[in-house]
Protein chains: 2
Amino acid sequence: MMARKPKGLTEVHYKILRFLEEYQREHHYPPTIREIGKHINVDSTSQINYYLDQLERHGRIERDRNVSRGVRLARPISDVVRIPILGPIAAGLPIPVFDPSVSYLTDDEAFAVEIASSLLPAAERDKLFALEVQGDSMIDAMINDGDIVVLKPAAEAHNGEMVAIWLPEREETTLKYFYRDKDGYLLKPANPSMQPIRIPKTEPLEIKGKVVMVVRRIESVAA
Amino acid sequence: MMARKPKGLTEVHYKILRFLEEYQREHHYPPTIREIGKHINVDSTSQINYYLDQLERHGRIERDRNVSRGVRLARPISDVVRIPILGPIAAGLPIPVFDPSVSYLTDDEAFAVEIASSLLPAAERDKLFALEVQGDSMIDAMINDGDIVVLKPAAEAHNGEMVAIWLPEREETTLKYFYRDKDGYLLKPANPSMQPIRIPKTEPLEIKGKVVMVVRRIESVAA
DNA sequence: TTGACAATTGAACATATGTTCGATTATAAT
DNA sequence: ATTATAATCGAACATATGTTCAATTGTCAA
């Protein structure tokens, strides 16, 4: 007969899992048993070993026996840049402001995109933010409903850069290639078959960021 | 006086670097000094240590002293899926065929995209391939010159999926949302302002793959 | 050729690190 | 309360692994 109900994973186990991820992210190699122990305030290495065995049986981690630091999360952590999705971007909405001092990096996967770091510019990755395109209003920027645009905050832009712009007078958000000339600004759609917009010098124009990347996921759109 | 010219990194060093990447990718932790030695056929641990010191001085790796497996590439390897770019996709060109038995995974970064694995569908990642869009011919699929399209090989498709299609009679490659009905096929552009194409039953049509993702990098388009 | 330094070797060493096991304590079902 | 099992502990153990050093060999420049 079963004398005890089989407990699932407790808070300690999750603490270990989180630590594994955190440590790996920081060091690029897994922690030792003793380092894990230190983190969860357990001195006995056999105790930690005990926890790890449980986690392994639960399929949460994998272990290489007799190998130092031979622990890893079963679903390995990727070395990717996690970019917070601040909100929607649409024609009638102002662009949300990104405050890098606030951590948007919650556990919630839904509010971040992970981009392979090799695809991103090297500098200032922690300031990048992402917006989810809503509606068809960005079609002239070759951007579709549901696309994720990754932006680098910027208030200025050079000619030819694709920027996110807020036009206060028109209450209009738009993504365009940016050109400045003596008469004002020229905003060119990415789609060459569409007409550029001319903004006179007098009209205000707020550049919110430069578009660094566009990501479109098309997993089983079908029913 | 200098008695010898200072040699740079030799083949051995690069072999070590490649091994570090390879080993890390496979084990999710770095190799030991002795494992490195085994790979480059060097028994003396001090010799390997010597190489590692050189690599460290050259800034190619980082080391944590007195820590097992405390070696890592200075530019850390990411846990991403490496997708080979088979070639261009353009209106007049047939779509290159992907043969997964051949390894396209050369050292050359130019011929692969790395995508954060969290962004990709879980299954059959090793069969994915990528094409670089050339020209404006895919504009009606909201895809721009220079974009990278990631495809999953497929000869069939369900309604509503975006597929890469080769139309032999028209010698035309195109990316469209795919619909089948009694009269034949309907290929809808992603851009709703454009007209769908109707393909009669009689006309041949080769589905080459389903579009899984579109990536657009826009780093400093400006001059 | 020869001097100077790089490269290589081998072995000893220190310790970082996983493993094992018996004993003890806590917990829940009976 | 009793009992079976889980959880915890501590210590000993085995070895995986980084470090060090003296000695040897190789190579280039003068």
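This briefing walks through some features of the structure above, from the overall layout of one chain to single residues. The model is predicted: local features need pLDDT of at least 70, side-chain atom pairs count only at pLDDT 80 or more, and totals for chains, interfaces and linings use all residues. Residues are numbered from 1 along each chain as its sequence is written, while chains are lettered from A and ligands numbered from 1 in the order in which they are written.

**Chain A as a whole**

- Chain A has three helices and 11 strands; helices (H or I, at least four residues) and strands (E, at least two) are DSSP runs, numbered from the N terminus.
- Of the 223 residues in chain A, 34% are buried. A residue is buried if 20 or more other C-beta atoms lie within 10 Å of its own, exposed if 12 or fewer, and partly exposed in between, with C-beta atoms placed from the backbone.
- Among the contacts in chain A with a separation of 6 or more, 60% join residues 24 or more positions apart. Two residues are in contact if their C-beta atoms, placed from the backbone, lie within 7 Å.

**Helix 1 and helix 3 of chain A**

- Helix 1 (residues 11–27) and helix 3 (residues 45–57) of chain A have axes that come within 11 Å and cross at roughly 85 degrees. Axes are lines fitted to C-alpha atoms, for helices over the stretch in contact, and angles run from 0 to 180 degrees between N-to-C directions.
- Sorted by class, the contact of helix 1 of chain A with helix 3 of chain A has four nonpolar, two polar and no charged residues. Here Ala, Val, Leu, Ile, Met, Phe, Trp, Tyr, Cys and Pro count as nonpolar, Asp, Glu, Lys and Arg as charged, and the others, Gly among them, as polar.

**A closer look at helix 1 of chain B**

- Helix 1 of chain B has 17 residues and reaches 24 Å from its first C-alpha to its last, close to the 24 Å expected at 1.5 Å a residue. The expected span is 1.5 Å times one less than the number of residues.
- B:Ile16, B:Leu20, B:Tyr23 and B:Gln24 are buried in helix 1 of chain B. They cover an arc of only 100 degrees around the axis, which puts them on the same side of the helix; the arc is that of the directions from the helix axis to the C-beta atoms.
- The buried residues of this helix pack against helix 2 (33–40), helix 3, strand 1 (61–63) and strand 2 (71–73) of chain B.
- On the face turned away from the buried side of helix 1 of chain B sit the exposed residues B:Glu11 and B:Glu26.
- After helix 1 of chain B comes B:His28, with a positive phi near 70 degrees.

- Not counting residues up to four places away in sequence, A:Leu151 touches residues including A:Leu128, A:Phe129, A:Ala164 and A:Val212.
- A:Leu151 and A:Val214 are 63 residues apart along the chain, and their C-alpha atoms are separated by 9.0 Å.
- A:Thr45 belongs to helix 3 of chain A and is partly exposed, with 13 other C-beta atoms within 10 Å.
- A:Thr45 touches A:Ile33, A:Arg34 and A:Gly37, leaving aside residues up to four places away in sequence.

**Positive phi in the loops of chain A**

- A:Asn41 has a positive phi of about 60 degrees although it is not a glycine. A:Asn41 is in the loop between helix 2 (33–40) and helix 3 of chain A, and is exposed, with 8 other C-beta atoms within 10 Å.
- A:Asn66, also a residue other than glycine, has a positive phi near 60 degrees. A:Asn66 is in the loop between strand 1 (61–63) and strand 2 (71–73) of chain A, and is exposed, with 6 other C-beta atoms within 10 Å.
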